[in-house]
Amino acid sequence: MCDTCGCEKKRTVDLERSLFSKNREIGEANRKFVEKYGTKLINLISAPGSGKTTLLEATIERLLPSYSIGVIEGDIETERDAERIRRKGAEAVQITTGGACHLDANLVHKALHRLFEKRDKYDLIFIENVGNLVCPASFYLGEHIRCVLVSVPEGSDKPAKYPTTFKEADIFAITKVDLLSFFDFSIEEARKEAKRINPQVSVIEISAKTGDGIEEWIKALGF
Ligand SMILES: Nc1nc2c(ncn2[C@@H]2O[C@H](COP(=O)(O)OP(=O)(O)OP(=O)(O)O)[C@@H](O)[C@H]2O)c(=O)[nH]1
Ligand SMILES: [Mg+2]
């Protein structure tokens with residue numbers, strides 16, 4: 001309760017703080033859990049339709065059968081993305097949030113157990129977060145690599161307009177670069193703004209359709 005006016009604001013702030021710190025604790029546990037198995041955990045964040053699943057399909061094609069891959073799919077509804085991943089030969093578990101716009105560490109923890117029931121060794125586990133450029137960024141899931149994707153049709157102003165999402169990203173993937181000639185997307189603007197917000201971020205230009213940038217992406221993942 002706020003001392004000055006009696007509003008509920010302070011209580012809300014306290015609850016938020018405890019929600020985020022509990023989430024971080026479980027995120028750290030997720031990280032320790034996968035590290036026991038020598039697994040790298042990668043969190044993909046983007047608006048709906050930026051090309052997360054298509055990039056994963058191309059990544060699986062490139063890395064199987066040399067590496068074992070698992071995917072945790074987060075969506076509000078349907079098993080469709082998990083089915084796409086399974087068709088490419090990787091293991092996948094689907095989380096349907098039923099409305100929530102992001103995954104949290106606890107949901108991912110349960111999904112990790114489901115994945116390790118299927119196989120006892122993964123070199124990589126990808127988490128495809130729920131399509132949303134804002135909310136998933138506040139929830140650490142235990143990932144070693146956080147990748148934010150923006151596709152060419154979305155516009156090069158996105159880093160400047162959604163800076164908090166880029167602050168803790170390790171990789172900024174500009175996707176669908178095969179469409180550059182049809183849109184006024186400026187690679188230079190997107191790159192400059194992302195680097196201004198987060199000088200450490202690696203910027204990669206990718207087309208999962210043509211294969212451009214896929215090798216650089218694989219290298220950035222450490223493979
Ligand atoms: N031209 C082009 N289209 C692409 C590329 N990558 C994905 N797409 C298309 O973009 C659309 C959305 O791709 P998805 O991979 O399903 O996007 P997503 O981010 O997984 O979508 P949600 O899971 O719904 O958030 C599909 O029609 C893809 O074929 C690309 O590199 N180039
Ligand atoms: Mg998808």
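Reply: Residue classes are assigned as follows: Ala, Val, Leu, Ile, Met, Phe, Trp, Tyr, Cys and Pro count as nonpolar, Asp, Glu, Lys and Arg as charged, and the others, Gly among them, as polar. On that basis, the shell around ligand 1 comprises seven charged, seven polar and three nonpolar residues. The model is predicted, and for this reason local features require pLDDT of at least 70 and side-chain atom pairs pLDDT 80 or more, whereas totals for chains, interfaces and linings use all residues. Residues are numbered from 1 along each chain as its sequence is written, chains are lettered from A and ligands numbered from 1 in the order written, and side-chain values use heavy atoms, with hydrogens and water left out.

A residue belongs to the surroundings of a molecule if one of its heavy atoms lies within 4 Å of it. Of the 17 residues around ligand 1, those that come nearest are Lys52, Thr53, Thr54, Lys176 and Asp178. Lys52 places a polar side-chain atom 2.7 Å from an oxygen atom of ligand 1. For Thr53 the corresponding distance to an oxygen atom of the ligand is 2.8 Å, and for Lys176 it is 2.9 Å. Taken alone, ligand 1 exposes 650 Å², and the protein buries 74% of that; these areas come from the Shrake-Rupley method with a 1.4 Å probe, and for residues only the protein chains shown count as cover. The elements giving two or more residues to the shell are α2 (52-63) and α3 (80-87), where helices (H or I, at least four residues) and strands (E, at least two) are DSSP runs numbered from the N terminus. Helix α2 gives the most, with three residues.

Thr53 in helix α2 and Asp81 in helix α3 are 28 residues apart, and the pair links distant parts of the chain. Are these two residues buried or exposed? Thr53 has a relative accessibility of 5% and therefore counts as buried, and Asp81, at 12%, is buried also; the limits are under 20% for buried, over 50% for exposed, and partly exposed in between (1.4 Å probe, protein chains only).

Lys176, a contact of ligand 1, has a further feature: its phi is positive, about 60 degrees, although it is not a glycine. Most residues other than glycine have a negative phi, and most peptide bonds are trans. Lys176 is found in the loop between β6 (171-175) and α7 (187-197), and its relative accessibility of 27% makes it partly exposed. Thr78 likewise has a positive phi, near 75 degrees, and is placed in the loop between β2 and α3. At 37% relative accessibility, Thr78 is partly exposed. A cis peptide bond, with omega about 5 degrees, joins Leu64 and Pro65, the latter in the loop between α2 and β2.

The aromatic pairs may be considered next. The structure holds seven of them; rings of Phe, Tyr and Trp (its six-membered ring) pair if their centres lie within 6.5 Å, and planes under 30 degrees apart count as stacked, over 60 as edge-to-face and the rest as tilted. The rings of Phe33 and Phe116 are edge-to-face because their planes stand at 90 degrees, with centres 5.4 Å apart. Phe33 belongs to helix α1 (residues 9-36) and Phe116 to helix α4 (residues 105-118), so the pair ties together parts 83 residues apart in sequence. Both residues, Phe33 and Phe116, are buried. Ring pairs link Phe33, Tyr37, Phe116 and Tyr122 into a cluster.

Technical notes. A polar contact is a pair of N or O atoms within 3.5 Å; within protein, one must be able to donate a hydrogen and the other to accept it, and residues adjacent in sequence count only if both atoms are side-chain atoms.
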